[in-house]
Amino acid sequence: MVPNGWDLVEAQDICQRISVGIVVKPKDYYVPENEGVRAFRSANVREGYVEDTNWTYISDLGHQKNKKSVLQAGDVLVVRTGYPGTACVVPKQYAGANCIVSVLRRE
């Protein structure tokens, strides 16, 4: 259902970029918090907000190898597994984090 006053459009028509987060064995990149970069998982994406607990961290090397999934403030994360379609906007304090299983888009 589309809310009153909204138009139904294709994401590709309003986004500069649509991509998937890290999809190759992200566990290969996992490191302790003080050694890496914060990485969003579906557990951190709630409907309209970020669940700021139980973070996963990836190595700097993993972060560099996966530049396509580095987040910017204002990106929209959409969960693909678990609770598909659950979405939130990336607040500025999470800019520079990475993304493991969620789809991100930039307008």
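**Close-up views of a predicted model**

View 1. The largest pocket has a volume of about 380 Å³, a pocket being an open set of points on a 1 Å grid over the protein atoms alone where a 1.4 Å probe fits, with protein on both sides within 12 Å along at least five of seven lines. Its lining, meaning residues with an atom within 4 Å of a point, comprises 16 residues, of which Trp-6, Val-9, Ala-11, Ile-14 and Arg-105 lie nearest the centre. Two or more lining residues each come from α1 (11–14), β6 (76–79) and β9 (102–106), and β9 gives the largest share, three residues. This is a predicted model, in which local features need pLDDT of at least 70 and side-chain atom pairs count only at pLDDT 80 or more, whereas totals for chains, interfaces and linings use all residues. Residues are numbered from 1 along each chain as its sequence is written, and side-chain values use heavy atoms, with hydrogens and water left out.

View 2. Thr-56, in strand β5 (residues 56–58), counts as buried because its relative accessibility is 10%, where buried means under 20% with a 1.4 Å probe and protein chains only. Its side chain and that of Arg-41 are joined by a polar contact of 2.9 Å (a pair of N or O atoms within 3.5 Å, one able to donate a hydrogen and the other to accept it).

**View 3. Ala-39 between two partners.** Strand β2 (residues 37–40) runs antiparallel to β5, joined by three bridges, and Ala-39 has Thr-56 as its bridge partner in β5. In β8, the bridge partner of Ala-39 is Asn-98.

Note on methods: Helix = DSSP H or I, 4+ residues; strand = E, 2+ residues; numbered from the N terminus. Buried < 20%, exposed > 50% of the residue type's maximum accessible area, 1.4 Å probe, protein only. Pairing = 2+ DSSP bridges. Points joined across faces, edges and corners; volume = space filled by probe spheres on them.
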